Amino acid sequence: MGQHKWAEQAPDEDFFRILEPDGRLSGEAPDLDDETLLRLYRTLVLTRAYETHTIRMQRRGELSVTAQSMYEEAVGLGAAAALREGDWCFPSYRQFAAHLYWGVPMDRTLAILRGGAPETVAEHLPLETPPGVTFTPYGVILGTNVLNAAGSAMADKFNGRDIVTLAFTGEGSTSEGDFHDALNFAAVFKAPLVVVVHNNQWAISTPAHRQHAAPTFAHKALAHGLPGERVDGNDVLAMYQKTREAVDRARSGGGPTLIEAVTYRVVDHNTSDSAEVYRDQALAEHWKQFDPRPRFEAYLAARGLYTDALREQYEAECLAEVQAAAARALPIPRSDPMTMFDSQLFGDPGWHLRLQQRELAAEINGANPYTVIDPEALS
């Protein structure tokens with residue numbers, strides 16, 4: 001191993017699990033009917049088809065950057081399936097399965113990834129039937145994601161709405177102040193909030209053991225006075241079960257729960273990253289054996305629900321759906337980037353945003369955007 005690479009520490013497997021890596025039951029399965037189980041499986045297939053296609057689009061220059069959840073799909077899928085219609089979800093960029101389980105249109109998502117502003121996308125791809133769960137635009141600054149979700153959950157509580165908010169963040173973001181502010185606030189006021197820490201062992205190029213010295217990320221719940229669960233993040237059923245318990249607790253007035261979903265980021269952080277630069281890929285190869293999809297397929301086969309013919313059918317259908325969605329998204333015009341300055345929450349945007357506006361205009365017109373401009377002239 002080169003000196004520039006981190007020495008990895010494998011996570012402790014002392015977590016809640018229902019399905020063994022080979023698909024055998026090691027615990028009691030949740031009471032899900034066949035229709036729901038097949039919906040979960042089809043979403044796994046669709047997610048992988050969608051992400052494979054977005055990588056191809058990025059390579060062709062049709063997207064600037066995209067991230068994958070391959071081998072980690074069970075985190076977003078199992079957790080989101082525990083919600084019910086009317087609930088809210090604050091996802092990050094690695095829970096596409098959650099979007100797809102609840103019917104967030106792929107064409108609109110792709111159009112936004114290509115640079116379309118919400119109003120432009122809404123004009124060209126009107127949303128006829130909103131998803132059953134309300135999704136916010138996925139957060140990139142993940143600590144803030146939890147803070148916003150705590151506020152949303154409290155708004156529902158103040159208004160007497162029977163709604164639970166689910167928020168996702170990464171293990172690296174637990175080092176941020178916003179994460180702890182949100183947990184403290186939510187615990188004190190018993191906000192109907194469930195927070196999933198998507199622990200895939202890497203915050204871009206920083207390994208988990210460099211983020212904190214606590215035994216687990218679930219331990220972070222203790223200081224804030226709320227329950228902390230640690231779950232096998234590659235087990236769809238385990239993620240569903242523990243999130244469902246947390247959702248039911250929140251909905252009944254019991255307050256928030258923190259869930260650490262233990263998984264591994266086998267792929268690069270996103271298409272602008274190369275993980276081989278900072279880590280030994282041997283452990284990544286090792287984690288491929290915990291792929292949630294064949295594990296779930298083995299469980300479905302034991303229940304008499306899975307066949308190779310079903311897999312082939314779903315793969316063909318999902319590929320066609322993704323290709324059709326991309327075909328609808330590609331013609332959507334990219335929005336004028338200057339419109340990002342049009343909507344301001346706090347009245348006068350101030351000299352600093354006016355300066356940025358001038359710099360962007362200069363770059364668009366082929367001039368040097370870094371030309372020194374006197375800020376006083378913009379006051």
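## Helix α4 and its surroundings

The buried residues of α4 pack against α1, α3, α5 (118-124) and α12 (308-329). Contact here means heavy atoms within 4.5 Å, and buried means under 20% relative accessible area, with exposed over 50% and partly exposed in between (1.4 Å probe, protein chains only). Helices (H or I, at least four residues) and strands (E, at least two) are DSSP runs, numbered from the N terminus. The model is predicted: local features need pLDDT of at least 70, side-chain atom pairs count only at pLDDT 80 or more, and totals for chains, interfaces and linings use all residues. Residues are numbered from 1 along each chain as its sequence is written, and side-chain values use heavy atoms, with hydrogens and water left out.

In α4, 7 of the 8 residues are buried, so this helix is largely enclosed by the rest of the structure. The buried residues are Met 106, Asp 107, Arg 108, Thr 109, Leu 110, Ala 111 and Leu 113. Gly 115 follows α4 and has a positive phi, near 105°. Gly 103 counts as partly exposed because its relative accessibility is 43%. Gly 103 and Gln 323 are 220 residues apart in sequence, yet their C-alpha atoms are 16 Å apart in space.

## Nonpolar cores

A nonpolar core is a set of buried Ala, Val, Leu, Ile, Met, Phe, Trp, Tyr and Cys residues joined through side-chain atoms within 4.5 Å. The largest such core has 66 residues, of which Leu 37, Leu 40, Val 196 and Phe 296 touch the most other members. Helix α1 (residues 34-59) supplies the largest share of this core, 9 residues. A second, separate core of 21 residues includes Val 146, Ala 167, Ala 187 and Leu 193.

Leaving out residues up to four places away in sequence, Val 196 touches Val 75, Ala 79, Leu 166, Ala 167, Phe 168, Thr 169, Met 239, Ile 259 and Ala 261.

## The sheet

Six strands form an open sheet in the order β2-β1-β3-β4-β8-β7, with parallel pairing. The edge strands, β2 and β7 (228-232), each pair on one side only. Two strands are taken to pair if DSSP finds at least two bridges between them.

Strands β4 (residues 193-199) and β8 (residues 257-262) run parallel and are joined by 6 bridges. Val 195 stands opposite Leu 258 in β8.

## Salt bridges

The whole structure contains 26 salt bridges, each a side-chain nitrogen of Lys or Arg within 4 Å of a carboxyl oxygen of Asp or Glu. In one of them, Glu 73 joins Arg 48, with the closest N and O atoms 2.8 Å apart. This pair links distant parts of the chain, Glu 73 being in helix α2 (residues 73-80) and Arg 48 in helix α1, 25 residues apart. Glu 73 counts as buried because its relative accessibility is 1%, and Arg 48 counts as buried at 13%.

Glu 13 forms a salt bridge with Arg 17, the closest N and O atoms lying 3.9 Å apart; Arg 17 is buried, at 17% relative accessibility. Between Asp 273 and Arg 265 the corresponding distance is 3.6 Å, and both of these residues are buried. A network of salt bridges links Arg 293, Glu 297, Asp 308, Arg 311, Glu 312 and Glu 315.

Most residues other than glycine have a negative phi. Tyr 71 has a positive phi, near 75°. Tyr 71 lies in the loop between α1 and α2 and is buried, with a relative accessible area of 15%.

Lys 190 also has a positive phi, near 50°. Its place is the loop between α7 (177-188) and β4, where Lys 190 is partly exposed, with a relative accessible area of 42%.

## A nonpolar surface patch

Tyr 138, Val 140 and Ile 141 make a nonpolar surface patch of about 300 Å². Patches are made of residues with over 30% relative accessible area and no salt bridge; like charges are joined within 9 Å, and nonpolar side chains (Val, Leu, Ile, Met, Phe, Trp, Tyr) within 5 Å. Accessible areas come from the Shrake-Rupley method with a 1.4 Å probe, and for residues only the protein chains shown count as cover. Tyr 138 is found in the loop between β2 (134-135) and α6 (142-158), and counts as partly exposed at 30% relative accessibility.
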